[in-house]
Amino acid sequence: MHEYILKYGTNPDQKPAKIFMRDDSDLPIEILNGRPGYINFLDALNSWQLVRELRKTLNIPAAASFKHVSPAGAALGLKLSDTERKIFFVDDELDINASPLACAYARARGTDRLSSFGDWIALSDTCDAITAKYIKREVSDGVIAPDYTPEALEILRTKRKGGYAVVKIDANYEPGMQETRDVFGVTFEQSRSTEPVIDPAKFDAPITKLHDIPETARRDLTLALITLKYTQSNSVCVTKNGQTLGVGAGQQSRLHCVKLACDKADLRTLREHPKIIAHTFPADMGRPERDNAISEMLTGDFLTQSERREFIAENSGSSLGSDAFFPFPDSIDRANISGVKFVAQPGGSIRDELVIAACDNYGMAMVMTGKRLFHH
């Protein structure tokens, strides 16, 4: 199949619409169920690139939750603690820790469950039955993966009254080095970005007074940077424990990116507050309704400002990546409030020394990657 006819394009009035290969070769995908749309495929192909690169770079199964061509969350397949299982709504009879891929999915979805409502899912590895069972419980549009076990495919085909979109992608497919796009009748062409997001040697040469960057922080900074590579710019990402805590995407101001990412990271951290965990909900309350209720609790007066500050301070140690340099140290000031201790950014601002001094003042370690990661 070298083309696939879509119901419509970005909006219902944009017809006809299709995806196809310019060279008339076969598409590197198979639609195993449902009828994905134009935006679904944009999310699918961008999210697949993200999880594929995470898998290749860190050698751990990965998952992503995409909405409107940016990740709401991305994560690695690390085992879940009892607290994480509870706040991700996976503390049931299934042994989620038996499937690293299911753990990655639960973490990715758990970054920002409110934003992940109706998302597109990407999985780096063959989807197994445990992962499929958890996907079936959540509201999403579809999933892309390199393959599915027969049991997993059978489970997913029962979702959304049989209309759930399931896409299989050729894991060996590599596009050409040149990519093009049309905007208002004008064709743009550029080379694909294939360089690593960071040279690992950079972790051994921070430009701040604090030089010790542990392996866990190196992993989390790498996760942040790869996530940013597939996030609409300007963008900033906060990570911890192999999971994005907050993604600030598509903001015109770098500071607003940091604020958005850190605000989301704070909410994700506060979901583990004992008062939130101890709260009971009606047994018949659905997952989306619980997500909305928890959001109201986190943003309202359920927790005092003192409780918020103390809990965030007790759970510091997160990592922050930026897709371009910080023009002012105010971004570091905001990151400090959310307990960020490790930073990676391209560098190159005329105020780099002020940004470095701010990191030194807060006891942060920062590396400069020398590589901008804009994505549009």
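The model is predicted. The chain holds twelve helices and 15 strands. For 376 residues, a compact globule would have a radius of gyration near 21 Å, and the chain agrees with 21 Å.

**Overall build**

- The C-alpha trace spans about 60 × 55 × 40 Å along its principal axes.
- Of the 376 residues in the chain, 51% are buried.
- The accessible surface is about 17400 Å², and carbon and sulfur atoms account for 51% of that surface.
- Take the contacts between residues at least 6 apart in sequence: 58% of these join residues at least 24 apart.

**Helix 3, residues 100–111**

- Helix 3 has twelve residues, which should span 16 Å at 1.5 Å a residue. Its end C-alpha atoms lie 17 Å apart, in agreement with that value.
- Eleven of the twelve residues are buried, so helix 3 is largely enclosed by the rest of the structure.
- The buried set includes the charged residues Arg107 and Arg109. Leu101, Cys103 and Tyr105 are also among the buried residues.

**Helix 9, residues 287–299**

- Helix 9 has 13 residues and reaches 18 Å from its first C-alpha to its last. That is close to the 18 Å expected at 1.5 Å a residue.
- Its buried residues are Arg287, Asp291, Ile294, Ser295, Met297 and Leu298. Seen down the axis of helix 9, the buried residues fall within an arc of 160 degrees, so they line one face of the helix.
- An α-helix has 3.6 residues a turn, so residues three or four places apart point the same way.
- Glu296 and Thr299 are exposed on the other side of helix 9.
- The cover over the buried residues of helix 9 includes helix 4, helix 7, helix 8 (274–278) and helix 10 (305–314).

**Salt bridges**

- The count comes to 25 salt bridges.
- Side chains of opposite charge can pair when their charged atoms come close.
- Asp92 pairs with Arg137, with the closest N and O atoms 2.2 Å apart. This pair links distant parts of the chain, 45 residues apart: Asp92 is in the loop between helix 2 (82–87) and helix 3, and Arg137 is in helix 4 (residues 129–137).
- Asp92 is partly exposed at 23% relative accessibility. Arg137 is partly exposed at 29%.
- Lys264 forms a salt bridge with Asp112, and their closest N and O atoms are 3.3 Å apart. The two residues are 152 apart in the chain: Lys264 sits in helix 7 (residues 254–270), Asp112 in the loop between helix 3 and strand 6 (119–123).
- Lys264 counts as partly exposed because its relative accessibility is 24%. Asp112, at 13%, counts as buried.
- Arg160 bridges to Asp141, with 3.2 Å between the closest N and O atoms. Here the partners are 19 residues apart: Arg160 lies in the loop between helix 5 (150–156) and strand 8 (165–169), and Asp141 lies in strand 7 (residues 140–145).
- Arg160 is partly exposed at 48% relative accessibility. Asp141 is also partly exposed, with a relative accessible area of 30%.
- Salt bridges also link Arg109, Arg113, Asp119, Glu138, Arg271, Arg287 and Asp291 in a network. Arg109 is a buried residue of helix 3. Arg287 and Asp291 are buried residues of helix 9.

**Backbone geometry**

- Most residues other than glycine have a negative phi, and most peptide bonds are trans.
- The peptide bond from Lys15 to Pro16 is cis, with omega near -5 degrees. Pro16 is in the loop between strand 1 (3–6) and strand 2 (17–20).
- Ser233 and Asn234 are also joined by a cis peptide bond, with omega about -10 degrees. Asn234 belongs to the loop between helix 6 (215–229) and strand 11 (235–240).
- Asn59 has a positive phi, near 60 degrees. Asn59 lies in the loop between helix 1 (38–58) and strand 4 (62–67), and counts as exposed at 61% relative accessibility.
- Phe89 has a positive phi too, near 65 degrees. Phe89 lies in the loop between helix 2 and helix 3, and is buried, with a relative accessible area of 9%.

Methods: Residues are numbered from 1 along each chain as its sequence is written. This is a predicted model: local features need pLDDT of at least 70, side-chain atom pairs count only at pLDDT 80 or more; totals for chains, interfaces and linings use all residues. Side-chain values use heavy atoms; hydrogens and water are left out. Helices (H or I, at least four residues) and strands (E, at least two) are DSSP runs, numbered from the N terminus. The expected span of a helix is 1.5 Å times one less than its number of residues. Buried means under 20% relative accessible area, exposed over 50%, partly exposed in between (1.4 Å probe, protein chains only). A salt bridge is a side-chain nitrogen of Lys or Arg within 4 Å of a carboxyl oxygen of Asp or Glu. The arc is that of the directions from the helix axis to the C-beta atoms. Contact means heavy atoms within 4.5 Å. The radius of gyration is taken over C-alpha atoms; the globule rule is 2.2 Å times the number of residues to the power 0.38. Accessible areas come from the Shrake-Rupley method with a 1.4 Å probe; for residues, only the protein chains shown count as cover.
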